[in-house]
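Good morning, and thank you for joining.

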Amino acid sequence: MRLSKRLETVISFVAPRSRVADVGTDHGFIPIELVRRGTALWCCAMDVVPGPLMRAKEHIRQQGLEDKIETRLGDGVDKLLSGEADTVIIAGMGGQTVIHILENGSRLWEDVDNWILSPQSEIHKVRRFLHSRGFVIVREDMTEDGGKYYTVMEAVYDRERAKAQGELTEAEYLFGPRLTAEKHEVLMEFLAGERRKLLGIVEELKGKDGEKAKERREKLEERLRCIEEAGAGSPARL
């Protein structure tokens with residue numbers, strides 16, 4: 001089974017001999033590969049929609065992995081029991097949905113060792129939620145796949161460590177505390193493209209009057225300042 005670069009990046013975050021719950025499993029490719037490669041001892045493939053879960057179940061059956069991968073229909077982690085999984089993957093959905101799943105699954109925060117998250121949008125909101133609830137982002141990676149950029153992060157619930165870490169900067173919320181600290185190559189590539197695009201829009205807005213144009217320009221200029229901050233010191237040209 002050939003996985004996309006995005007899914008390969010997600011899988012790379014899973015520690016050996018883990019027990020994994022994959023939320024929004026879709027076709028079940030992540031649990032199947034984790035078990036096939038010997039990374040996971042057991043997986044639970046979960047989805048809120050019956051159709052995708054049936055497809056996942058069929059793929060699992062075709063691979064002969066029914067004894068290692070369970071399928072469960074439910075919203076988020078509501079069907080996951082305490083102590084069943086040490087790792088939870090929430091990938092391939094919008095940021096607000098990721099927050100909803102995490103918030104509704106608060107009973108599991110202390111039970112799960114690693115939360116592997118890959119929001120498709122509003123990643124900064126997910127990072128803010130994590131920080132406000134006592135999570136620490138311990139690892140991040142970023143990949144380009146089919147012309148789109150994807151971020152994967154690993155968060156652990158540790159209120160004392162989160163408190164000691166202090167508030168993140170706006171640039172860190174937007175682009176990731178680990179990615180910006182490391183000057184991650186793919187992030188720098190993404191920031192360079194964003195900067196070029198935003199500079200062009202700002203230039204166009206300079207010739208327009210009106211309060212709305214002014215407000216939009218100010219927002220874009222603030223984002224540009226965050227881009228410059230995130231890329232500061234990078235050998236890449238922003």
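In β5, Leu117 is the bridge partner of Ile90. The two strands concerned, β4 (residues 87-91) and β5 (residues 114-118), pair in the parallel sense over 5 bridges. Strands here are DSSP runs of E of at least two residues, helices are runs of H or I of at least four, and both are numbered from the N terminus; two strands pair if DSSP finds at least two bridges between them.

Please note that this is a predicted model, in which local features need pLDDT of at least 70, side-chain atom pairs count only at pLDDT 80 or more, and totals for chains, interfaces and linings use all residues. Residues are numbered from 1 along each chain as its sequence is written, and side-chain values use heavy atoms, leaving out hydrogens and water.

Which order do the strands of the sheet follow? The 7 strands form an open, mixed sheet in the order β3-β2-β1-β4-β5-β7-β6. At its edges lie β3 (69-73) and β6 (135-145), each pairing on one side only.

Helix α1 (residues 5-12) packs on this sheet and touches β4, β5, β6 and β7 (148-157), contact meaning heavy atoms within 4.5 Å. The direction of α1 makes about 155° with that of β6; axes are lines fitted to C-alpha atoms, for helices over the stretch in contact, and angles run from 0 to 180 degrees between N-to-C directions.

Finally, the cysteines. There are 0 disulfides, a disulfide being a pair of cysteine sulfur atoms within 2.5 Å. For Cys44, the nearest cysteine sulfur, that of Cys43, is 8.7 Å away.
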